[in-house]
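Hello,

Please read them with the coordinates open.

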Amino acid sequence: MTLEHTLSIIKPGAVRRNIIGQIISRFESSGLRIAAARMVRLSQEQAEQFYAVHRERPFYSELVAYMTEGPILVMVLEGEDAIARNRAIMGSTDPQKATPGTIRFDLGKNTTRNTVHGSDAPETAEAEIAFFFKPDDICPRHE
Ligand code: CMP
């Protein structure tokens, strides 16, 4: 196993519903820890840039509109195999296809309003973390 960092976003709907704590406690009780965190209100340009890989997809404008409708919590999660473990804790993109007990099944509304985002691979984790955090912002585990 490898110690990894991954980017997690608690999306605007979940921030508005005041369920940040419920979501974070799922990460913590699964052995992931928060190495950096801050609340951000994304501009249109920032949301477009963050999700640029989806620019040609039919859901892009809806996704950008949703991600700019209110503040988000961006976090760096740290742990062994953090990227895959975070994805398992989140569940499938579509809450209706997610496994019961995952964040998206339990708390997601639909594919756009699916509560959380998580990086999907080491390269994207690195790029997505750098989008929001400077190296000095990240506080690795200390004993
Ligand atoms: P996220 O993990 O934030 O990454 C891209 C987002 O696009 C995804 O979660 C969904 O919220 C959103 N999205 C909307 N429709 C789709 C779709 N059909 N396939 C994939 N992602 C979608």
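Pocket and ligand

The largest pocket has a volume of about 540 Å³. Its lining consists of 22 residues, and those closest to the centre are Y51, H54, F59, T93 and H117. Please keep in mind that this is a predicted model.

By class, the lining of the largest pocket holds seven nonpolar, nine polar and six charged residues. Three elements each supply at least two residues of this lining: α4 (60-67), β4 (116-118) and α7 (122-132). The largest share comes from α7, with three residues.

Where is the ligand? The ligand sits in the largest pocket. The residues surrounding the ligand are K11, Y51, H54, F59, L63, T93, R104, T111, T112, N114 and H117. This shell divides into three nonpolar, six polar and two charged residues.

Which side chains place a polar atom by an oxygen atom of the ligand?

- Y51: a polar side-chain atom is 2.6 Å from a ligand oxygen atom.
- H117: an N or O atom of the side chain is 3.0 Å from a ligand oxygen atom.
- N114: a polar side-chain atom is 3.3 Å from a ligand oxygen atom.

As for burial, the ligand taken alone exposes 450 Å², and the protein buries 77% of that.

Regards

How values were computed
Residues are numbered from 1 along each chain as its sequence is written. This is a predicted model: local features need pLDDT of at least 70, side-chain atom pairs count only at pLDDT 80 or more; totals for chains, interfaces and linings use all residues. Side-chain values use heavy atoms; hydrogens and water are left out. On a 1 Å grid over the protein atoms alone, a cavity is a set of points where a 1.4 Å probe fits but cannot get out, and a pocket is an open set with protein on both sides within 12 Å along at least five of seven lines; lining residues have an atom within 4 Å of a point. Grid points are joined across faces, edges and corners, and a volume is the space filled by probe spheres set on the points. Helices (H or I, at least four residues) and strands (E, at least two) are DSSP runs, numbered from the N terminus. Ala, Val, Leu, Ile, Met, Phe, Trp, Tyr, Cys and Pro count as nonpolar, Asp, Glu, Lys and Arg as charged, and the others, Gly among them, as polar. A residue is near a molecule or strand if one of its heavy atoms lies within 4 Å of it. A polar contact is a pair of N or O atoms within 3.5 Å; within protein, one must be able to donate a hydrogen and the other to accept it, and residues adjacent in sequence count only if both atoms are side-chain atoms. Accessible areas come from the Shrake-Rupley method with a 1.4 Å probe; for residues, only the protein chains shown count as cover. A molecule sits in a cavity or pocket if more than half of its atoms lie within 2 Å of its grid points.
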